[in-house]
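Biologist: Could you take me through one loop in this model, and then follow it out to whatever surrounds it? I would like the cut-offs as you go.

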Number of protein chains: 4
Amino acid sequence: MASKAIAIVAGVGPGTGAAVARKFAAAYPVVLLARNPANYESLVEEINKSGGKAMGISTDVSSPESLKAAFDKVKEEHKDATIAAAIFNASGRFVRKPLLDMAVEDFVAGYDVGVKGAFLFSQSTLPGLLKHGEDKEAKYPPTLIFTGATASIKANALMSGFATAKFALRALSTSIAKEFAPKGVHVAHAVIDGVIDIERTKEWLKDMPAEAKIGPEDIADAYWHLSTQSRRCFTNEIDIRPMLEKW
Amino acid sequence: MASKAIAIVAGVGPGTGAAVARKFAAAYPVVLLARNPANYESLVEEINKSGGKAMGISTDVSSPESLKAAFDKVKEEHKDATIAAAIFNASGRFVRKPLLDMAVEDFVAGYDVGVKGAFLFSQSTLPGLLKHGEDKEAKYPPTLIFTGATASIKANALMSGFATAKFALRALSTSIAKEFAPKGVHVAHAVIDGVIDIERTKEWLKDMPAEAKIGPEDIADAYWHLSTQSRRCFTNEIDIRPMLEKW
Amino acid sequence: MASKAIAIVAGVGPGTGAAVARKFAAAYPVVLLARNPANYESLVEEINKSGGKAMGISTDVSSPESLKAAFDKVKEEHKDATIAAAIFNASGRFVRKPLLDMAVEDFVAGYDVGVKGAFLFSQSTLPGLLKHGEDKEAKYPPTLIFTGATASIKANALMSGFATAKFALRALSTSIAKEFAPKGVHVAHAVIDGVIDIERTKEWLKDMPAEAKIGPEDIADAYWHLSTQSRRCFTNEIDIRPMLEKW
Amino acid sequence: MASKAIAIVAGVGPGTGAAVARKFAAAYPVVLLARNPANYESLVEEINKSGGKAMGISTDVSSPESLKAAFDKVKEEHKDATIAAAIFNASGRFVRKPLLDMAVEDFVAGYDVGVKGAFLFSQSTLPGLLKHGEDKEAKYPPTLIFTGATASIKANALMSGFATAKFALRALSTSIAKEFAPKGVHVAHAVIDGVIDIERTKEWLKDMPAEAKIGPEDIADAYWHLSTQSRRCFTNEIDIRPMLEKW
């Protein structure tokens, strides 16, 4: 493995982001991005204490300036590092509302973080990913992963803001995959179709067995597997559901 | 037919928008929206001279204020009118560019007009469409149509801005369809998969027969047919290609 | 309109097939195919009495020999006729059953009629459709339409036989469209997503308004519109739902 | 891991099937099904010599009788064994031909092996898979995998036989997934979108780098990963392409 490869996770919260960060921290120094430092502070400490290497940076991925400042810090800390894996897991708040009751600010909120943010994050990480692809000692091809949702492929009533953002993110992932696969970067999109088992969803599906929810650490396993696929086998999309999901 | 029903077309240019406006003007007074008055002025004159009734309003559909001002003018001119048909045909400029060369302003331009604009246009027209659905004398159910493109279902390399906007527009159309069909509004999305035969594309596919391009007046026929479908037969999506299209 | 153009409908029953036959009989002599003569006899009489021209032929579309015999009769009756429209509306019986309880005969039944039958019907009608495309006096391009269902795009549990047949039929329609559009034949597939309002479904959704079901005559209108599209505007797929359908 | 769990691969040839068999043989005794014994004989020997356990059975998966005889042999050899993984990799011959030149036998050939065969294989393996799902000592949930192709989602001209079969197989996979996931069986479908690097394709894409083709052993890695996913993270579909694939 390249001695100076790192992994970057945007959108580190208590669920998928944290699990993905832990998983990739077993192989690479990790950089954790979140707007609210509370979302990564204890995780950074946990990883650093348990033999890994992590840094957290507070940033707003929808702001070019804020993201630039964040990546300046990354470069300072990890001079000359290549990027082995970049995972975009940010979604932005979204409201479930009748169309006629929805404020335009609410409608665009999902796009600003989840699509414009994904675009900016991709621009920020692709140079490092390309560099990793050229590193002969790199164990795996560089991988850029986007986290989608049921709404990536199904636009339900009252979900106009979230569904437009998630459909758009899926388009972004495919467009980047087609442009950068020939240059050696593996780009993948994951349709997470179900409730993820985190603190915030503790009360949901309460009377159902554990198999009614998706395990964040299981998503992390799937992402890790994607990041280990060879250049002769790129998976560009996976879906993920718990055993008991109706679909 | 209800005596006071109108049709509204957003994104009137020299191609689809104009043809749609002409077609619907045969049945309803029409309101034509475009940013640049040059795009509708001669058409408004043409329709008014040939026995129809048309008004043009210059507006930026991506601006809530501008659009509100436009619809205030519509209400002034067409007091108590219901909306029989609303067609959203605006796309916003888009650039075909490698991802790393694309300015964030270029990336979001397609979304601002084509998605946020579509959202605002829908909010502006749905009250009038719902009212039309309650009009017992209305001949056809009210219809809201969105114009999509190949990029609505296919995200190619270098097309990240356009494809994200078009995927998102398709999601918006479906979400609105599911919310408003039970309330009587027919919502449809058209995937226009091919080159439309207009002045700007005159030099494209020059050596091919006329059947290599899509006729704008043929798109208008298809939209008109959608607007005449009964409440027991709503088509929510059609695709359109010329005979000689490869797909 | 070409003086010797006919329309052929396979799968004439009490619903869509009959409505389509009536609609096209207003423009062309029609040939009605069904396994059971009871399915077309009164309709043939009705059309012939009301100024149209119809003939019915009993045939099993899944049998090459039976279908050949049927088309020999068509040629006898309509010497030198071109085919303006061919509509494939046959489905074959299907059973809703747990996979482990399904007999192989039940599983393949949908395919035999609905896919192999569609293939044989296409082979039987395409020469006449191509000839119609070359007729300079023909008003509209020749059109070949396949009737699909919700199961064409959604494979639910217990529906393995029907869903495999309907997915396959959609593939057949697209493959033929791509091969024959450049030769002038318009091929379209309709996803009928809802309950059609016929005698057999009288008791279904009984407490709901009429808009909870699809009108067969409305499907016929949509098919007729498809058959009138120009060579510069082929729609290859439409979906159809009643106003109150949940999807 | 359950002491008596086996893996079964149908459609063992020189490419994907053999690679999958080798991969799963590292964890389970494997049963290899192929019509032609030449397709598995040396592989069975290779696995048995290198510490694994393999048996080959000649069978025609499209024949209920032949498949029943094969599974009788499996039960004889592996009494009381559960099935940890069943992989359906058979396709049947297919011809690329203009629709009007295609014999009905050629058209249905892909369906007979690839869809009816997949249905019969599923019926034969699901009881053993369900049993594995109830085994408290089983390391992973039981997994049933179907091998698809580009034609599973794209129906091109001249490919009517292959595309109808592959669309149908995808429907079968989803229908079974929805029925059996709640009972603990993980069902997945893989869209193999590209040329697999095997003896038969040696001359294809000859001037391109190795990354223009898919590695069979890489497909096997992806299948193995699917078979290790937890009940809180079932992936029902993956796509697979080589780095240099255009799509």
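Modeller: Happy to. L205(D) sits in the loop that links β6 (186-192) to α6 (216-228) in chain D; helices (H or I, at least four residues) and strands (E, at least two) are DSSP runs, numbered from the N terminus. Keep in mind that this is a predicted model, in which local features need pLDDT of at least 70 and side-chain atom pairs count only at pLDDT 80 or more, while totals for chains, interfaces and linings use all residues. Residues are numbered from 1 along each chain as its sequence is written, chains are lettered from A and ligands numbered from 1 in the order in which they are written, and side-chain values use heavy atoms, without hydrogens and water.

The backbone of L205(D) deserves a glance: its phi is near 50 degrees, a positive value in a residue that is not glycine. Most residues other than glycine have a negative phi. L205(D) counts as partly exposed because its relative accessibility is 38% (buried is under 20% relative accessible area, exposed over 50%, partly exposed in between, with a 1.4 Å probe and protein chains only). L158(D), too, has a positive phi, of about 70 degrees, without being a glycine. L158(D) lies in the loop between β5 (143-149) and α5 (160-180) of chain D and is partly exposed, as its relative accessibility is 22%.

Now to chain A. There, W204(A), L205(A) and M208(A) make up a nonpolar surface patch with about 290 Å² of accessible area together. Patches take residues with over 30% relative accessible area and no salt bridge, joining like charges within 9 Å and nonpolar side chains (Val, Leu, Ile, Met, Phe, Trp, Tyr) within 5 Å; the areas are Shrake-Rupley values with a 1.4 Å probe, and for residues only the protein chains shown count as cover. M208(A) belongs to the loop between β6 (186-192) and α6 (216-228) of chain A, and its 41% relative accessibility is why it counts as partly exposed.

R232(D), M243(D) and W247(D) provide 30% of what chain D buries against chain A, more than any other three residues. There are 4 salt bridges between chain D and chain A, each a side-chain nitrogen of Lys or Arg within 4 Å of a carboxyl oxygen of Asp or Glu. R232(D) forms a salt bridge with D197(A), with the closest N and O atoms 3.0 Å apart.

Chain A also meets chain B, through 37 residues from chain A and 37 residues from chain B.

Conventions: Buried area is the accessible area (1.4 Å probe) that two parts lose on being put together, summed over both. Contact means heavy atoms within 4.5 Å.
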